Structures are given as structure tokens and as C-alpha cells.
Amino acid sequence: MSELIFDELLLEPERYELFTDTLFSAELDRRAFFRIVGGGLIVACVLGEADAQQPGRGRGGFGAPGPKELGAWLHVGEDSAVTVYTGKVEIGQNARTSLTQVVAEELHLPMERIKLVMADTQLVPFDGGTAGSGTTPRMAPQLRRAAAAARELLLDLAAEQGKVKREEMSVHDGKVTTTDGRASFTFGQLTQGKKLMKVIDDKTPTTPAEKWTISGASPPKVEGKAIVTGTHQFASDVKRPGMVFGKVLRPPSFKAELVSLQTRDAEALPGVTVARDGSFVGVTAATDHDATKALAALHAEWKTTPQPSSEELFDYLKKHPSAGRGGFGGRGGPDRRGSIAEGLKAADQQLKATYTIAYIAHAPMEPRVAVAEWNDGKLTVWTGTQMPFRVRGELARAFNIPEERVRVIVPDMGSGYGGKHSGESAVEAARLAKAAGKPVKLVWTREEEFTWAYFRPAGVIEVTAGATKDGTLTAWECHNYNSGGSSLRSPYESANVLTEFHTTDSPLKQGSYRALAATANTFAREMHMDDLAHALHLDPLAFRLKNLKDQRLRAVLEAAADRFGWSKSKADDHHGFGIACGTEKGSFVATCAEVSVQRNGLVKVLRVLTAFECGAIINPNHLKNQVEGAGMMALGGALFEAIRFANGKILNPRFSDYRVPRFADTPLFETVLLDRKDLPSAGAGETPIIAVGPAVGNAIFQATGVRLRSLPMAPKGVKAT
Amino acid sequence: MAIIKELHVNGSRRVVNAEGERSLLSVLRDDLDLTGSKYGCGEGRCGACTVLLDGRAVRSCSTPVSTAADTEIQTIEGLAKDGKLHPLQEAFLKHDALQCGYCTCGMIMNAVALLGRDPDSSREDIIRSMNGNICRCGAYPRIVAAIQEAARSMKGASK
């Protein structure tokens with residue numbers, strides 16, 4: 001399995017956090033299936049080529065083909081219950097609902113009759129993680145096929161049991177019935193006393209999108225009622241008998257070394273255990289409050305080392321190249337065609353600029369959390385992670401035990417945005433639990449989450465481009481330092497191209513963030529294109545279209561411009577409009593923005609319209625929710641979010657210091673969804689975030705004449721020209 | 001240090017044994033298993049832990065349990081009556097005003113206090129009053145729409 005992860009890494013080197021080796025050896029013992037579920041009917045999916053050839057692949061999606069192995073499985077119980085087992089995690093992207101929809105579609109069964117068991121490493125097949133917009137293109141088709149195969153098997157069973165011709169039976173509302181209505185079987189009647197198992201491959205036929213009735217509609221979130229009543233269990237809500245609370249001693253700065261430690265005072269407190277394992281130090285106590293007091297009673301001395309600060313960040317990145325995963329140009333190395341020198345010579349207008357990208361924090365509302373419990377040398381951890389199997393590997397390595405003795409369970413969690421691919425809290429909680437001899441809950445504080453998780457990579461992007469008077473792009477050269485290669489390859493046509501990703505030594509721990517570097521690279525490219533258009537006195541939309549052949553990208557760009565009223569949007573004093581587009585993970589997006597810039601420089605984003613296309617839509621309302629939410633999140637990184645740091649310390653590790661978008665920042669959102677029922681469904685959780693920043697930046701330029709080339713663009717407003 | 005022996009939560013008397021300086025959030029979640037209120041920041045700046053004390057919204061993460069001892073505490077778990085959802089809960093579902101749902105209970109409780117105080121809240125009032133609650137998934141427009149709808153339906157019901 002490590003091969004699969006490695007392939008994905010080759011595709012997207014900015015997933016820095018994954019670049020430690022992880023062992024995935026333990027697989028679900030297929031003979032154990034019926035030990036888990038008793039009897040009934042099981043359909044298991046074996047991954048095939050189709051799972052690897054989704055449209056996302058060409059654009060750097062999670063498309064690396066895995067070895068022949070189990071992807072997901074579905075069980076029809078003797079009590080008629082239908083249970084689906086998948087390694088995907090619900091993080092707020094509504095996978096629990098959309099995956100239920102596809103199963104309901106094929107099984108002709110009401111959604112409320114289907115239960116999803118997600119992300120329990122003891123019950124579900126190995127899964128590479130809930131990342132890279134992979135659930136919809138890769139897991140949904142597997143479940144569709146499993147459900148379709150189960151439906152056909154139920155028809156076989158009914159024909160046999162009822163002594164009726166198979167063609168005279170159909171599946172409706174969770175029953176198999178003869179067309180004349182004389183005989184009818186529940187799923188349970190058909191599977192009673194049986195232990196049937198069918199393994200299917202990727203050739204199993206499924207219902208085409210034009211005929212969907214449940215997929216393609218907008219049923220509500222399946223766990224919605226539990227959420228609004230406060231009964232939905234998140235990882236942080238897990239409680240175990242005899243459980244105590246843990247806290248971890250953190251160094252005062254990154255890379256600080258523990259010189260001495262006095263634990264006597266802490267250990268004298270009632271009910272307190274101090275855990276120490278190498279550089280790891282932590283405490284447990286009966287309550288969170290007692291654990292906090294015990295932590296304060298530890299006396300530690302640290303040796304610190306000087307480190308770079310955010311003030312010198314971009315200079316530092318340029319001056320500290322690193323060996324390794326560089327030379328990446330969007331996929332498979334730098335994109336190099338023609339000659340940049342020739343292209344610039346042919347241009348009437350040349351433009352060179354540098355864009356900078358700050359580190360930002362994911363800041364999921366639920367910080368890292370884990371509850372760990374040891375029983376007879378076996379470890380169970382409930383935690384919030386997007387990669388349960390990877391975390392299982394981390395735990396097995398940390399304690400030098402086989403993966404078979406580690407179980408990781410991920411209850412639906414308080415979001416991730418790419419920020420929860422690692423298992424820090426799981427390993428820490430397990431260490432504490434081992435020392436305490438009791439189950440331990442460890443909830444990271446907000447400050448810990450802001451400091452000891454990982455950040456969206458910072459970066460420097462240098463663009464040099466040229467175009468002729470008629471708007472033909474003659475040269476496009478773009479170098480990205482550190483932030484990553486996603487969407488670095490330009491969708492615009494040009495005979496002379498050079499795009500390249502350069503790895504550097506990052507002062508902070510960094511890793512995946514929603515849409516990866518597609519946000520940074522789309523920002524630089526779309527701002528630069530806008531700049532060129534203005535320099536050539538061309539309409540920014542017309543200039544883009546002139547150089548764009550990709551029909552799907554053209555379609556969203558034209559739809560956004562049309563619905564926004566782009567042609568009628570005329571800037572006036574301190575009021576402007578911007579447009580931008582991009583593609584990533586097999587989906588296509590264009591955003592138009594309207595901003596006003598007040599006399600004091602404060603930017604108000606008034607209106608954001610996004611046109612989005614991700615193939616056949618599974619749940620239009622939830623898709624719209626994702627597009628709006630991505631738009632909202634994008635505004636933070638675009639305008640004001642930035643991690644400030646100095647000498648190994650994060651300077652703004654609190655919501656009172658680190659500004660995230662709030663209600664008052666909300667513009668009028670409009671969403672145009674292009675439903676392409678003729679195309680496979682792509683994921684949608686990420687790509688809608690990428691065009692918002694440059695659309696806003698281009699609108700600010702129109703409003704003020706100021707070109708802001710740093711993300712965030714206006715943490716303190718726009719300085720007057 | 002004062003030990004708090006009982007709390008009045010969602011109309012019931014609950015026996016506890018908690019140091020008065022512990023946070024109300026921790027006592028609700030860890031001692032009383034009322035886990036709908038969430039930890040988000042510990043400094044009262046995100047609103048995920050919002051509960052009502054005598055009808056007033058407070059941040060339970062930064063409220064010592066001692067200050068809640070003689071008040072009527074209302075949490076999300078007490079909002080639905082006899083299995084019937086509160087209009088705000090209904091409206092949040094109808095508008096899909098959530099994604100991960102971690103902030104949702106705090107949002108709803110803050111909105112309960114707002115509409116209790118001012119049933120005629122305008123859109124601007126809602127935005128101002130809700131601005132201390134963070135939804136990192138960005139469901140703000142839907143949350144505003146849900147609160148507006150709940151306000152209308154609550155006014156209709158009280159006529």
C-alpha cells in the first residue's frame with residue numbers, strides 16, 4: 001500500500017506532511033467478513049482500472065492506480081438492514097449523504113434504510129484517506145457498483161425463492177416484488193440463513209446519470225437532525241469508562257530541546273500521572289482542569305535556537321532551496337515548450353512580477369483530539385483525522401506493535417480542510433494512556449492547534465509573460481518556490497511555456513490545505529493575466545477567452561460572466577469588478593467579484609458569483625453549500641489571514657489574533673452549477689476556493705489602480721496610490 | 001475552593017461535584033455528558049460553547065461553573081420539546097445551514113438568545129449579534145437565512 005501513497009506524493013509534492021514513510025501492511029481478513037456481520041449477503045468491490053482513470057487524474061488528482069484490492073463493501077442483513085463499509089471520513093463535505101444517495105439509487109431503497117460505517121480500520125477496507133477530492137470520483141462509483149450488484153443478486157434470490165422468472169421481478173422500496181404484485185420479499189427474507197459473498201470488479205454496470213432519481217436530487221444531510229439537537233458524536237465527544245484527561249508539555253519554541261525536567265510538584269497533585277518517553281512529556285488527571293494545573297506544575301528548562309521570522313520569510317524561501325521533490329510543473333516535471341526568450345521577443349507587451357503567499361492555518365473548529373485505550377496490548381484510538389489508516393501506521397510504528405493490534409476509529413469530525421492528515425494527537429493520547437493505565441482523552445487547545453499542527457505552505461511565485469497587441473499570449477514563464485505544483489501548469493495556450501516548482505527549506509511545518517497550491521498558483525496566474533489585459537487595453541474576459549481552448553473551462557468562464565453581467569459591470573471610483581478562472585482535480589471554476597474600497601482603505605467584498613462544473617452533480621444543494629463555503633473560506637486567505645512567527649514561536653495562535661472570515665465579512669454569494677450528466681462526477685470540496693482570491697484582487701485593482709501581489713492582499717486595507 | 005454540588009440544567013436539577021473554578025463547558029460535557037456544546041477556542045472568541053444562563057448567551061468555555069450555580073442553564077440538548085424541534089433547529093435543517101456541524105449548536109443557542117431578546121431582529125442585527133460565532137466551513141449566508149426564517153415562524157406561532 002505504501003506504493004499508492006508514494007504515487008500520490010509524486011503527483012503532489014506539496015503534501016509535505018505525508019512525506020514520512022508509513023507502513024500499511026494489515027488488511028482486512030476477508031474470511032472475517034461474516035464474523036463481523038453474522039449472515040446475509042455481502043458484496044465487496046475490488047479496485048480496478050476504472051477507479052484509477054477518473055477525470056481528476058490528469059489535473060493532479062488522486063488518481064494513482066492501486067494494487068488489486070478491496071475498496072469498499074456492502075452488507076444486506078438478515079434483518080433487511082443495508083450497511084455500507086467505507087474508509088472515507090465525514091468532515092462536513094457531506095460524503096455520508098452523497099454516498100448514501102448513490103447506494104439508495106442502485107438498491108431502490110429509501111436513504112434512511114442505509115447505514116454507513118465509515119473510517120473504522122477494523123471494519124473497513126484500507127483507504128488512502130479522505131483528501132484530494134477523491135471520495136466522489138473514486139468511492140461513489142465503487143459503492144454504486146456494489147449496490148447494483150447487490151440488487152441483481154437479490155433479484156436472483158427472489159426468482160429462485162418465488163419460483164418466478166427473474167424478468168418478472170423488480171426491486172422497489174426495499175422489496176423485491178413480482179410485476180403482477182402477487183409475490184413480494186423483503187431483503188431479509190431473501191438473505192435469511194445465508195452467507196453469500198460476491199466479489200465484484202469495476203465492470204459492473206450502474207445506472208447512467210440521466211436516469212438518476214435519488215442521486216442528482218438534494219435530500220437533506222443524513223446526520224442533520226443529530227447535529228442540530230447536539231447528539232451527534234464527534235471525536236471529541238467520545239467518553240470511555242474510567243477515562244482521564246491528558247495534557248502535553250510543549251516546547252516554548254520550535255526545535256527547542258528539553259534540558260531538564262522536575263516532575264515532583266506535578267506528581268504530588270492528587271490523581272496525576274506524569275508520562276515521559278524520550279522528549280515526550282505529558283500529564284493525566286481526573287479532569288481537564290486538574291490536568292492543566294498539573295502541566296503548570298512541571299518545571300522544564302529548554303535550550304532554544306534562533307530561527308527565521310515571517311518578516312524575512314520570502315527572502316528566506318528564495319535563498320534556501322532544498323533537494324528532493326522539485327522540478328515539478330503541475331504533473332510529471334516542469335512544463336517546457338518552445339522558447340521563452342523568443343516568445344518575449346515576439347510580444348508587444350511584457351510583464352514580470354513576483355507574488356508572495358503567506359502561511360495560513362486550517363483552523364478547523366474542532367482541534368486535534370484523540371481518546372486512546374489499551375486492552376491486552378491492543379490499542380484503540382478514536383480521533384479526528386482524514387487518514388485513519390495512515391494514523392494506524394503511525395501508532396504501530398510509535399509503539400512497535402503490528403498494525404493488526406491497532407484500531408483507529410474516526411467519528412464524523414469538526415472539519416479538516418486538508419489539515420488533519422496526521423496523527424499527532426492519537427500518538428500522544430496513546431502514550432499518555434499507556435503511562436496512566438487508563439483510557440485518556442487529549443483535546444488540543446486552540447493555541448496548540450495553531451502552533452503544533454501544520455500550515456498551508458508559504459511561497460514565492462515569479463511570473464514573466466508576454467502578449468501581442470491583439471491579445472495572443474506569446475510567452476508564459478512561472479516559477480513556484482515552496483508552495484506547490486497544483487494548477488501551476490497554465491490552462492492558457494501559448495507556444496512558449498516554462499512552468500516549474502522549486503522545493504525549499506520551510507521555516508514552519510507545512511502540508512496539505514484545501515486545493516493545495518492551486519489557490520496560490522491560480523492567484524498568481526489570474527492576477528498576471530488581468531494585469532496583461534489592462535496593459536494591452538483589452539477586456540480581461542476577452543483576453544482570457546482568446547487564449548483558452550479548454551471547452552469546460554470556457555463554459556464556466558462564460559457562464560459566470562453572463563450571470564454576473566460582466567459586460568455591463570463598469571468600475572467607478574473605489575468600486576470595481578474582477579474575474580478569474582481555473583481548474584483542478586477534474587473540476588472547473590470561474591468567479592466574478594464586486595468590491596468597494598472605502599476611503600480609509602478597507603476592502604468590502606460585496607458580491608461573489610461562482611460558476612462551477614464537476615461533471616454529473618450528485619447533490620445540487622450540498623454542492624452549492626460547498627461552493628459558498630469554499631468562497632467564504634477563500635476570502636480569509638485572500639484578504640487577511642496570515643500566520644506571523646518569530647524565533648520559533650507563532651505570534652498569533654488565537655482567534656483573537658488570527659482573523660478568520662466572520663458573518664460581517666459575508667458578501668452576496670451566487671452560484672451557477674453546470675450539470676454535465678454526460679461526464680463522470682468529480683469531487684467538489686476544493687476547486688471552488690481557487691478563483692475567489694484573484695477575482696477579488698482584480699476587482700480591487702479596478703477600483704483603486706493598486707495591484708496587490710501578496711496573499712493575504714489587504715490585512716490592513718489597501719494603501720492609497 | 002468552593003465545590004459546586006448542583007446545577008439547574010434544561011429544567012432539571014443535576015447533581016455534580018465540581019471545583020467552582022472549572023469551566024462550565026467542561027462540567028457540562030465531561031461530568032453531565034451534555035456534549036452538544038463544543039470546545040473551539042477557550043477564550044470566548046468562536047462561540048462553539050455557547051449556552052444560555054437565565055436566557056442570556058454566554059461562552060461556557062470561559063465561564064467558571066461557580067457563576068452558573070444559581071442560574072437556569074439551557075443547552076442545545078434541552079431545546080427540542082417532547083421530540084419537537086425548536087423553530088431554529090428546523091430552520092437550520094431546512095436551509096442546510098451547516099457542513100461539519102461542529103459550530104452548529106453554539107450558533108443555534110446564540111440565535112435563541114438573540115430572538116428571545118429581539119424577535120424582530122433585522123438582517124443587520126443578526127449579523128452583528130452572530131459575529132462572535134465562527135463557522136469555518138463558511139455556512140454564514142445559510143445561517144442568516146435560517147435565523148430569519150425561524151424569526152418569522154416564531155412570530156407567526158406567537159400570534
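## Close-up views of a predicted model

**View 1. Strands β23(A) and β24(A) pair side by side.** Strand β23 of chain A and strand β24 (residues 587-597) of chain A are joined antiparallel by 10 bridges. Two strands count as paired if DSSP finds at least two bridges between them. Helices (H or I, at least four residues) and strands (E, at least two) are DSSP runs, numbered from the N terminus. Within this pair, I579(A) sits opposite C592(A) of β24(A).

The model is predicted, so local features need pLDDT of at least 70 and side-chain atom pairs count only at pLDDT 80 or more, while totals for chains, interfaces and linings use all residues. Residues are numbered from 1 along each chain as its sequence is written, and chains are lettered from A and ligands numbered from 1 in the order in which they are written.

View 2. Axes are lines fitted to C-alpha atoms, for helices over the stretch in contact, and angles run from 0 to 180 degrees between N-to-C directions. Residues are in contact if their C-beta atoms, placed from the backbone, lie within 7 Å.

**View 3. F564(A) lies in helix α17(A).** This helix covers residues 551-564 of chain A. Is F564(A) buried or exposed? F564(A) is buried, with 26 other C-beta atoms within 10 Å. A residue is buried if 20 or more other C-beta atoms lie within 10 Å of its own, exposed if 12 or fewer, and partly exposed in between; C-beta atoms are placed from the backbone. Leaving out residues up to four places away in sequence, F564(A) touches S569(A), C592(A) and L609(A). E670(A) is 106 residues away along the chain, yet its C-alpha atom is 8.7 Å from that of F564(A).

**View 4. Chain A meets chain B.** The contact takes 46 residues from chain A and 44 residues from chain B. On the chain A side, α7 (224-228), α9 (288-296) and α18 (620-640) each supply at least two residues. The largest share, eight residues, comes from α18(A). By class, the chain A side has 18 nonpolar, 18 polar and 10 charged residues. Ala, Val, Leu, Ile, Met, Phe, Trp, Tyr, Cys and Pro count as nonpolar, Asp, Glu, Lys and Arg as charged, and the others, Gly among them, as polar.

View 5. Strand β1 (residues 40-46) of chain A pairs antiparallel with β2(A) over six bridges. Here I42(A) has H75(A) as its bridge partner. Strand β3 (residues 82-86) of chain A pairs antiparallel with β2(A) over four bridges. L74(A) stands opposite V84(A) of β3(A). The hairpin of β2(A) and β3(A) has five residues between the strands, and S80(A) takes a positive phi near 75° there.

**View 6. Helices α4(B) and α5(B) cross.** The axes of α4 (residues 123-130) and α5 (residues 140-158) of chain B come within 10 Å and cross at roughly 120°. That angle makes α4(B) oblique to α5(B). Angles under 35 degrees count as roughly parallel, over 145 as roughly antiparallel, 65 to 115 as roughly perpendicular and the rest as oblique. The contact uses R123(B), I126(B), I127(B) and M130(B) of α4(B). From α5(B) come I143(B), V144(B), I147(B) and Q148(B). These contact residues divide into six nonpolar, one polar and one charged.

**View 7. Helix α2(B) also packs against α5(B).** The axes of α2 (residues 87-94) of chain B and α5(B) come within 8 Å, crossing at roughly 140°. The two helices are therefore oblique to each other. Contact residues include L88(B) and F92(B) of α2(B), and A150(B) and M154(B) of α5(B).

Conventions. Contact = placed C-beta atoms within 7 Å.
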